[in-house]
Amino acid sequence: MTEKHIVLEDIDPVVFYGIGNAHLQMMKALYPKLRIVARDNVLKIIGDEEQMGSFADGVEKIRQHVVRFNSLKEEDILDILRGKRTRDEVPEGVVCYTTSGRPIKARSANQQRLIDAFRENDMVFAVGPAGTGKTYLGIALAVKALKDKTAKKIILSRPAVEAGEKLGFLPGDMKDKIDPYLQPLYDALEDMLPAARLQDMMEKRIIQIAPLAFMRGRTLSDAVVILDEAQNTTPAQLRMFLTRMGWNTKMVITGDMTQIDLPHTQKSGLIEALHILSDVEGIGVVHLGQQDIVRHKLVTRIVSAYEAYDQEAR
């Protein structure tokens with residue numbers, strides 16, 4: 001009798017095993033000559049050596065399927081273990097998949113420009129109004145890089161514009177105080193990574209979320225780094241952030257010029273950076289507009305109404 005251990009890396013074992021271990025039971029039924037025992041993310045297989053080799057190959061293909069699609073169906077298992085094709089060829093244009101199996105891809109020409117700019121440049125500025133998918137698409141590109149192993153970690157940051165006295169009055173420790181500012185980043189990650197896998201990555205600091213002030217003194221290498229709400233940085237803050245860039249790192253800086261929350265006397269670092277860096281080789285700048293808004297149709301109308309109001313006020 002031969003014994004083998006298989007570690008299910010980079011996936012949530014719950015997705016692999018299925019609800020009530022339904023997927024695991026199906027695999028056992030397909031390989032009756034093997035005794036398969038699952039514990040956490042490790043499979044122990046005992047039995048016929050020939051079937052064991054076939055099963056191990058199948059398990060690896062199923063694992064890759066789960067990594068890519070964040071989901072697994074019984075028909076997928078049958079197709080994979082019987083050597084048939086499933087949807088493991090990613091349709092053109094898909095960045096990655098949500099935990100519910102929904103493909104994430106560009107939904108407008110400018111969103112596709114953002115994807116192309118990320119591929120072609122090490123630093124990308126994505127500027128546009130609320131709802132244009134700047135942050136969500138940026139995080140999707142970061143998750144894809146992590147899954148493709150072209151990056152070792154994801155670092156997400158945001159300025160806490162109400163730092164200081166107002167932040168101090170919030171209850172809890174420092175994490176409790178800053179988490180409300182970072183919630184949109186958590187929301188996007190939770191849409192793309194299974195909860196257990198996301199928690200594990202955050203505990204191992206493969207995914208790091210921190211306010212901008214925590215970036216000082218760091219060199220960020222082998223990572224995809226995203227700065228959200230960059231319009232609320234000061235010139236000094238944004239300059240500090242941009243110069244944290246290390247080897248094998250890509251940066252995505254997103255912002256909305258219509259939502260600057262800095263004091264009126266304070267210049268936005270994003271405005272200054274775009275003026276200074278727009279022609280620098282290796283930096284891409286993508287402007288998104290009303291036509292790129294992918295939220296509720298009312299968001300487009302609201303943005304349009306406010307832009308018209310701003311024009312009249314000038």
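Student: At what angle do helix H5 and helix H6 pack, and how far apart are their axes?

Tutor: Good place to start. Two packed helices are described by the angle between their axes and the distance between the axes. In this predicted model, H5 covers residues 109-120 and H6 covers residues 134-147. The two pack at about 35 degrees, and 11 Å separates their axes. The crossing of H5 past H6 is right-handed.

Student: Which residues of H5 and H6 meet?

Tutor: From H5, look for Gln 111, Leu 114, Ile 115 and Phe 118. Their partners in H6 are Lys 134, Leu 137 and Leu 141.

Student: Let's turn to rings next. How many aromatic pairs are there in the whole structure?

Tutor: A search finds three. One of the pairs is formed by Phe 16 and Tyr 17. Their ring centres are 5.7 Å apart and the planes make an angle of 85 degrees. Planes over 60 degrees apart count as edge-to-face, so this pair is edge-to-face.

Student: Are Phe 16 and Tyr 17 buried or exposed?

Tutor: Here the cut-off matters: buried means under 20% relative accessible area. Phe 16 counts as buried because its relative accessibility is 0%. Tyr 17 is at 8%, so Tyr 17 counts as buried too.

Student: Where is Phe 16 found, and what does Phe 16 touch?

Tutor: Phe 16 is in helix H1, residues 13-17. Leaving aside residues up to four places away in sequence, Phe 16 touches Leu 8, Ile 11, His 23, Met 27, Leu 43, Val 59, Ile 62, Arg 63 and Leu 72. Take Val 59 as an example: 43 residues along the chain separate Val 59 from Phe 16, and their C-alpha atoms are 9.4 Å apart.

Student: What does the protein look like as a whole?

Tutor: It has twelve helices and eleven strands. The C-alpha atoms fill a box of roughly 80 × 40 × 40 Å along the principal axes. Of the 314 residues, 47% are buried. Among contacts with a separation of 6 or more, 68% join residues 24 or more positions apart.

Student: Where does pLDDT stay under 50?

Tutor: That happens over residues 162-167, for which the model has five contacts beyond four places in sequence. Where pLDDT is low, the predicted coordinates should not be read in detail. For the protein overall, the average pLDDT is 85, and 91% of the residues score at least 70.

Key
Residues are numbered from 1 along each chain as its sequence is written. This is a predicted model: local features need pLDDT of at least 70, side-chain atom pairs count only at pLDDT 80 or more; totals for chains, interfaces and linings use all residues. Side-chain values use heavy atoms; hydrogens and water are left out. pLDDT is the predictor's confidence in each residue, from 0 to 100. Contact means heavy atoms within 4.5 Å. Rings of Phe, Tyr and Trp (its six-membered ring) pair if their centres lie within 6.5 Å; planes under 30 degrees apart count as stacked, over 60 as edge-to-face and the rest as tilted. Buried means under 20% relative accessible area, exposed over 50%, partly exposed in between (1.4 Å probe, protein chains only). Axes are lines fitted to C-alpha atoms, for helices over the stretch in contact, and angles run from 0 to 180 degrees between N-to-C directions. Helices (H or I, at least four residues) and strands (E, at least two) are DSSP runs, numbered from the N terminus. A crossing is left-handed if the near helix is turned anticlockwise from the far one by less than a right angle, and right-handed if clockwise.
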